[in-house]
Amino acid sequence: MSDKNINNSNSKKNIFTENQELVSLAKENSPRLLNTCRSEFPQFFEQLKKINPELKKSELIFCIYLKLDFSTKEIALFTFVTPKAIQNRKNRIRKKLNIASDVDIYKWFDEL
């Protein structure tokens, strides 16, 4: 049983969260975040564009934060906005990407 837990925790990690450069750029709220992510993970953006081709640059950046599995409080801290504003952004992204309200948004991005 413990072996199964170890395997699950390994498969839980995603290639985004293991990319330290990406995590650092996100924590710094760097303007390089989007371009770096686009060049390293073009398929992520292709999938988002298939769902909604009209996502704005700021929304794509927000999607990166969600894909990196940062909490509402962490995103608020890194982007210098309130947790309430982040919650509102999550709701808007849910609508734009057709993510049902009963679906865990982090799990949705993890599986994208």
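1. Overall fold. The secondary structure of this protein comes to eight helices and zero strands. The model is a predicted one. Read along the sequence, the elements follow the pattern α-α-α-α-α-α-α-α. Of the 112 residues in the protein, 38% are buried. The protein exposes about 7100 Å², and carbon and sulfur atoms supply 51% of that area. Among contacts between residues at least 6 apart in sequence, 53% join residues at least 24 apart.

2. The nonpolar core. In soluble globular proteins, nonpolar side chains tend to be buried together. In this model the largest nonpolar core has 32 residues. Those with the most contacts inside this core are Phe-44, Leu-48, Ile-93, Leu-97 and Phe-109. At least two residues of the core come from each of α2 (20–27), α3 (33–40), α4, α5, α6, α7 and α8. The largest share, six residues, is supplied by α5.

3. Which residues does Phe-109 contact, leaving aside its neighbours within four places in sequence? They are Phe-44, Leu-48, Cys-63, Leu-66, Lys-67, Ile-93, Leu-97 and Ile-99. This list includes Phe-44, Leu-48, Ile-93 and Leu-97, which are named with Phe-109 among the core residues with the most contacts.

4. Helix α7: length and buried face. Helix α7 covers residues 83–96, a run of 14 residues. The buried residues of α7 are Ile-86, Lys-90, Ile-93 and Arg-94. Seen down the helix axis, these buried residues fall within an arc of 105 degrees, and they therefore line one face of α7. The spacing can be read against helix geometry. An α-helix has 3.6 residues a turn, so residues three or four places apart point the same way.

5. The buried residues of α7 pack against α5, α6 (72–79) and α8 (105–111). On the face turned away from this buried side, α7 carries the exposed residues Lys-84 and Lys-95.

6. Helix α3. A one-sided arrangement is also found in α3. Its buried residues are Leu-33, Leu-34, Thr-36 and Cys-37. Seen down the axis of α3, they fall within an arc of 165 degrees, so they line one face of the helix. Asn-35 and Ser-39, on the other side of α3, are exposed. What covers the buried residues of α3 includes α2, α4 and α5.

7. Asn-52, a buried loop residue. Asn-52 lies in the loop between α4 (42–51) and α5 (57–67). Is this residue buried or exposed? Its relative accessibility is 14%; because that value is under 20%, Asn-52 counts as buried. Leaving aside neighbours within four places in sequence, Asn-52 is in contact with Lys-96 and Leu-97. A polar atom of the Asn-52 side chain lies 3.1 Å from the backbone oxygen of Lys-96.

8. Positive phi angles. Two residues deserve a check of backbone geometry. Phe-80 has a positive phi of about 60 degrees although it is not a glycine. This residue lies in the loop between α6 and α7. At 68% relative accessibility, Phe-80 counts as exposed. Asn-98, likewise not a glycine, has a positive phi of about 55 degrees. Asn-98 follows α7 and lies in the loop between α7 and α8. With a relative accessible area of 65%, Asn-98 is exposed.

9. Gln-43 and the end of the chain. Where does Gln-43 sit? Its place is in helix α4. Gln-43 is partly exposed, with a relative accessible area of 38%. The C-alpha atoms of Gln-43 and Leu-112 are separated by 9.5 Å, while the two residues are 69 residues apart along the chain.

How values were computed: Residues are numbered from 1 along each chain as its sequence is written. This is a predicted model: local features need pLDDT of at least 70, side-chain atom pairs count only at pLDDT 80 or more; totals for chains, interfaces and linings use all residues. Side-chain values use heavy atoms; hydrogens and water are left out. Helices (H or I, at least four residues) and strands (E, at least two) are DSSP runs, numbered from the N terminus. Buried means under 20% relative accessible area, exposed over 50%, partly exposed in between (1.4 Å probe, protein chains only). A polar contact is a pair of N or O atoms within 3.5 Å; within protein, one must be able to donate a hydrogen and the other to accept it, and residues adjacent in sequence count only if both atoms are side-chain atoms. Contact means heavy atoms within 4.5 Å. The expected span of a helix is 1.5 Å times one less than its number of residues. The arc is that of the directions from the helix axis to the C-beta atoms. A nonpolar core is a set of buried Ala, Val, Leu, Ile, Met, Phe, Trp, Tyr and Cys residues joined through side-chain atoms within 4.5 Å. Accessible areas come from the Shrake-Rupley method with a 1.4 Å probe; for residues, only the protein chains shown count as cover.
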